Structures are given as structure tokens and as C-alpha cells.
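Open the model in your viewer and keep the selection panel at hand. The stops below go from whole chains to single residue pairs.

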Amino acid sequence: MTAPPLAHLGHWYHSLLYLAPVVIVVVVLWVQERRERRRGEADEE
Amino acid sequence: MRRRLLAAAALALGAALLVPGTALAHGLVGKQDLPIPRWLFAWAAAVVLVVSFVALATLWPRPRLERVEERPVLKVPAVLEVVCGAIGIGAFVAVVWAGFAGSQTATANLAPTMIYVVFWVAIPFATLLLGDVFAAFNPWRAAARGVSWVFSRAGGGTPTPLAYPTWLGRWPAALGILAFAWVELVYVNRDDPSTLAILVLLYAAVQLVGMSLYGIEPWTRNADAFSVYFRLFSMLSPLHWRARELYLRPPLGGAPRLDPVTGTVALLCVMIGTVSFDGLSQGQLWTGTDGIAPHLQQRFINVGFSAETALEITFTIGLLVMVGLVSGVYRLGVVGMQSVGRGHDVTELSRRFVHSLIPIALAYVIAHYFSLLTYQGQAMAFLVSDPLGDGSDIFGTATATIDYNLVGANGVWYVQVFALVLGHACGLTLAHDRALVVYSRVREATRSQYWMLAVMVGFTSLGLWLLSAAAQ
């Protein structure tokens with residue numbers, strides 16, 4: 001019986017520390033983009 | 001809106017999938033003793049990129065790199081071209097000769113180190129500093145030009161070449177780099193000197209046939225994988241060689257001149273994806289006892305493949321998946337960018353911004369192979385004296401050894417982090433500069449680059465995660 005492929009992730013949460021800045025940047029940029037789009041639409045009106 | 005949400009989610013997912021727990025340790029020796037945890041470097045890198053982005057948005061309102069002026073600084077005599085070409089052919093012959101006639105122990109033979117360290121790793125480093133030096137030393141190009149010169153002197157001339165097919169673009173180069181990466185990372189006999197010699201001869205033969213069909217320069221510019229690969233890196237260099245003349249230009253100034261013909265996006269994604277896989281494949285997540293590779297390999301063995309073939313199939317899948325993931329992350333960034341402004345489709349934007357991936361590709365090469373070059377590069381001192389591994393001592397350096405204390409583990413790590421951050425900041429700069437041309441309003445240009453910033457932060461975190469895993 002072979003182990004599942006991700007069994008050796010071990011301290012998998014450690015990898016999340018590398019992912020966290022990516023997620024934060026994406027979320028902040030998405031919110032900012034949304035805000036600017038709304039502002040642009042308001043300007044056009 | 002939904003499309004952008006999906007793009008954002010997929011960017012994050014893509015980066016997450018690309019983040020295992022170990023990576024590349026080409027010759028890395030010693031133990032790191034860093035003042036802060038390694039993951040904090042990824043956070044710091046993200047902060048640097050965000051600050052760079054804000055600085056670009058506020059201090060860089062007009063394109064500055066699209067049309068840079070080049071200043072001639074030096075002319076070189078025609079004979080130098082001949083000498084460089086002869087040296088290139090000489091090195092080529094030496095590698096093939098060593099491969100066939102020398103010891104079949106990889107570390108004792110000149111061929112593997114010459115190919116995997118000097119050719120594949122040292123030339124990109126030299127190209128960044130000195131411009132496209134490979135063009136001068138390219139052995140198959142030099143041979144073809146030599147034959148063409150002889151024919152023209154004999155009065156016969158050469159037949160008019162066919163027009164290089166537009167639809168082919170840089171696809172042959174993309175496939176060539178993928179094939180090289182496959183040999184380097186997947187093929188079980190990758191270190192076998194005689195096998196390498198055969199592959200080198202095969203590659204040169206294909207290039208000679210291609211050049212004879214489509215002309216030396218059109219083929220070299222588009223289809224010779226290594227010429228195209230090194231030429232892309234040379235676009236970042238402040239030195240530009242053109243028609244036996246050396247020009248000086250601002251760093252990065254050559255990249256916006258990249259002609260994004262079909263296959264260029266694929267080529268750059270292959271370049272980044274294959275190096276990323278090299279990192280991944282040395283980590284515990286991939287090769288550890290309970291890693292993905294042994295598990296997949298066992299499955300292929302169960303369906304009847306030999307252990308060797310099963311391993312190659314497994315690694316081929318990993319290589320292709322990594323290239324696909326890198327392509328997907330870039331594509332998602334472009335899809336996000338396309339949602340800003342009107343009149344731009346994804347394919348057009350994908351090509352117009354592809355030059356921003358060149359510094360990232362080079363940063364990955366520097367970060368992943370710096371230690372290999374530093375340590376294994378020293379082996380050239382004794383290999384040139386004893387290329388066949390038969391005990392000869394041509395230059396009196398056969399007893400030289402590798403100094404593993406030349407650069408410590410901390411030093412390697414700092415170089416890797418610096419290369420990755422600088423490479424991505426350069427990519428951001430190139431993308432911002434291009435956005436100012438593509439989008440009519442500065443505000444739209446800045447908004448479009450939110451997506452490229454996300455891509456850059458994603459690639460930086462991926463690179464640092466792969467490297468940190470190797471150092472554990």
C-alpha cells in the first residue's frame with residue numbers, strides 16, 4: 001500500500017506563510033480595483 | 001466582475017499549488033543561519049514589490065524604455081568574429097570528443113559540466129553582463145557561415161533559402177528548451193557523457209539542416225533554441241552587439257524591442273516552468289519517501305512499465321504540469337488586465353507584455369543555479385586539464401579541487417533572494433512602461449498593472465518557497 005501523494009507535506013502550514021503575501025496582495029488589489037471601477041463609472045455618469 | 005474574481009482566486013490557487021516544501025540545492029553546502037525565518041523573506045519581497053509598484057505609478061508617468069537611444073562605443077574587426085566562431089567550434093568538438101573518448105564517469109568527464117554548467121548556466125550570467133556573447137561563439141552558426149563563405153568565394157553561391165514560416169514563430173525554440181530541460185531533469189541517462197555527445201551532434205545537425213533550408217539568420221533568430229534563449233537574456237543587458245559594433249543602452253532597454261511572434265509566450269513560460277520544476281523535483285514533496293513522484297511511479301509500475309520508464313513518465317508529467325501552471329498564472333494575470341479598458345484581447349495583451357517575463361526567467365536561472373555555478377563551475381579548472389578523465393594534465397591544473405567554502409550557505413541564500421526580488425521588480429517596471437503605451441490613460445495603465453503585480457508577487461513567493469525548501 002502506497003502513501004497518498006501529499007502525505008509528506010508535513011509542516012504544510014509552513015508553506016502557507018509563503019502563500020499569505022500573495023493572497024493579501026490579490027485581495028487588496030481586487031478591492032482597490034473594484035473601488036476605482038465604481039469611481040470611474042460615477043465619473044462617466 | 002465574476003471573471004476577475006475567478007482570476008484572483010485562481011492566481012492565489014496557482015501560487016498555492018506551486019508551493020511545496022523543499023527545492024533546489026545545486027551543490028549547496030553548509031547550514032544556513034539566518035537572522036529571521038525564511039518565510040519572512042517572502043513577505044519582505046512582497047512589500048518591496050508593492051512599494052516598487054506604487055513608486056512606478058507615481059514617479060513614472062511616461063514610457064521611458066520603449067525607445068531608448070543606443071550609443072556606439074566600440075567597433076570590432078571582422079577577424080574577431082572568425083576567431084570567436086573558431087573557439088566555439090573548438091569547444092563543441094572538445095565536448096563531443098570527451099563524450100565519446102573519455103571516461104564515462106560524469107564527474108571525471110568534461111562534457112557534462114561543460115553542457116550543464118558552462119553552457120546552460122554560465123552563459124546566461126555572462127550574457128547579462130556582456131550582451132549576446134553566444135551569437136559570436138555559436139558553433140553551428142559559425143560552421144554554417146563558414147560554409148556559406150566558402151561557397152561564395154568559390155563563385156557558386158548558396159541556393160536562395162525558403163521564407164521562414166510565420167506560423168512557426170518561436171515554437172521550435174520553445175520545444176528545444178523543453179527538450180533540453182527534459183534531458184536535464186527527466187532522462188535517466190542525462191549524465192552519460194557518450195549519450196550527451198550524441199545529443200549534441202543531433203542538435204547541431206538539426207540546426208544545420210534548418211539554416212540551410214531557411215537561411216542562417218532567420219533560423220538562428222527564431223528556431224535555434226539556445227540562440228533564442230540567450231538572446232532573450234541579452235535584451236536586459238546594457239551592452240548590445242550589432243553588426244560588429246558594440247552599443248551602450250540603459251539596462252532593460254532592449255526588452256521592449258522583443259518581437260512577440262507566435263511561440264514567444266510559450267517559450268518564456270517553458271523557461272520559467274522548467275527551472276521551477278528543477279526546484280520542485282529536488283524537494284521532499286516531490287522526491288521524498290512519501291512524495292508525489294514515488295507514488296506516481298508506483299502506479300505506472302503497477303500498469304506494467306519498468307521502474308526506469310515509470311520514473312521518466314512521472315517526471316515528464318511533473319515538468320509539463322509545472323510549465324502549465326506557470327503559463328496559467330501568466331494567462332490569468334493577462335485576463336485580469338484585459339478587464340481594464342476596452343479594445344484589447346487576451347492574446348494581444350499576452351504577447352505585448354511577454355517581455356516582462358524575461359527578467360523573471362533570468363532571476364529564476366540565477367537564483368536556482370547560482371550555487372551550481374559557484375561550486376561545480378570550479379570543476380572546470382581540473383576538467384580542462386584532464387577532459388577525458390584519463391589522468392592527463394594538459395595545463396597543469398588537473399589536481400585543482402572545488403573550494404566549498406567559496407560562498408557560504410547564507411551568502412547563496414542572499415544572492416537568491418536579491419536576484420528574485422530584483423528580477424521581479426524589473427518585470428514590473430517593463431510591464432508598467434508597456435502599459436503606458438497600450439492604455440490611453442495613465443489611470444487605466446496603473447489599474448491594468450494590479451494584475452501584473454499579483455503575478456509578480458506570486459512568482460516571487462513561488463521562487464522563494466522552492467528555494468527555501470531546498471535549504472531545509
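This is a predicted model: local features need pLDDT of at least 70, side-chain atom pairs count only at pLDDT 80 or more; totals for chains, interfaces and linings use all residues.

Residues are numbered from 1 along each chain as its sequence is written, and chains are lettered from A and ligands numbered from 1 in the order in which they are written.

**Stop 1: chain A**

Select chain A. It holds one helix and zero strands; helices (H or I, at least four residues) and strands (E, at least two) are DSSP runs, numbered from the N terminus. Of its 45 residues, 27% are buried. A residue is called buried if 20 or more other C-beta atoms lie within 10 Å of its own, exposed if 12 or fewer, and partly exposed in between, with C-beta atoms placed from the backbone.

**Stop 2: chain B as a whole**

Now select chain B, which has 19 helices and three strands. Its radius of gyration is 23 Å, close to the 23 Å that the globule rule gives for 472 residues, so chain B is as compact as a globular protein of that length. (The radius is taken over C-alpha atoms, and the rule is 2.2 Å times the number of residues to the power 0.38.) The C-alpha trace of chain B spans about 65 × 60 × 45 Å along its principal axes. Buried residues account for 49% of the 472 in chain B.

**Stop 3: the two domains of chain B**

Colour residues 1–68 + 264–472 of chain B as domain 1 and 69–249 as domain 2; these bounds come from an automatic or database domain assignment. The domain centres, taken over C-alpha atoms, are 24 Å apart. Where they touch, 32 residues of domain 1 of chain B are in contact with 39 residues of domain 2 of chain B, contact meaning that C-beta atoms, placed from the backbone, lie within 7 Å. On the domain 1 side, α11 (264–280), α14 (307–338), α16 (358–376) and α17 (380–383) of chain B each supply at least two residues. That side divides into 21 nonpolar, seven polar and four charged residues. Here Ala, Val, Leu, Ile, Met, Phe, Trp, Tyr, Cys and Pro count as nonpolar, Asp, Glu, Lys and Arg as charged, and the others, Gly among them, as polar.

**Stop 4: the sheet**

In what order do the strands of the open sheet in chain B lie? The order is β1-β3-β2, with antiparallel pairing; two strands pair if DSSP finds at least two bridges between them. β1 and β2 (239–242) of chain B are the edge strands, each pairing on one side only.

Select β1 (71–75) of chain B: of its five residues, zero are buried, so the strand lies largely in the open. β1(B) pairs with β3 (245–248) of chain B over four bridges. Arg71(B) stands opposite Leu248(B), and Leu74(B) has Leu246(B) as its bridge partner.

Next, show β2(B), which four bridges join to β3(B). His240(B) is partnered by Tyr247(B), and Arg242(B) by Glu245(B). Two residues lie between the strands of this hairpin, where Ala243(B) takes a positive phi near 50 degrees.

Note on methods:
Two residues are in contact if their C-beta atoms, placed from the backbone, lie within 7 Å.
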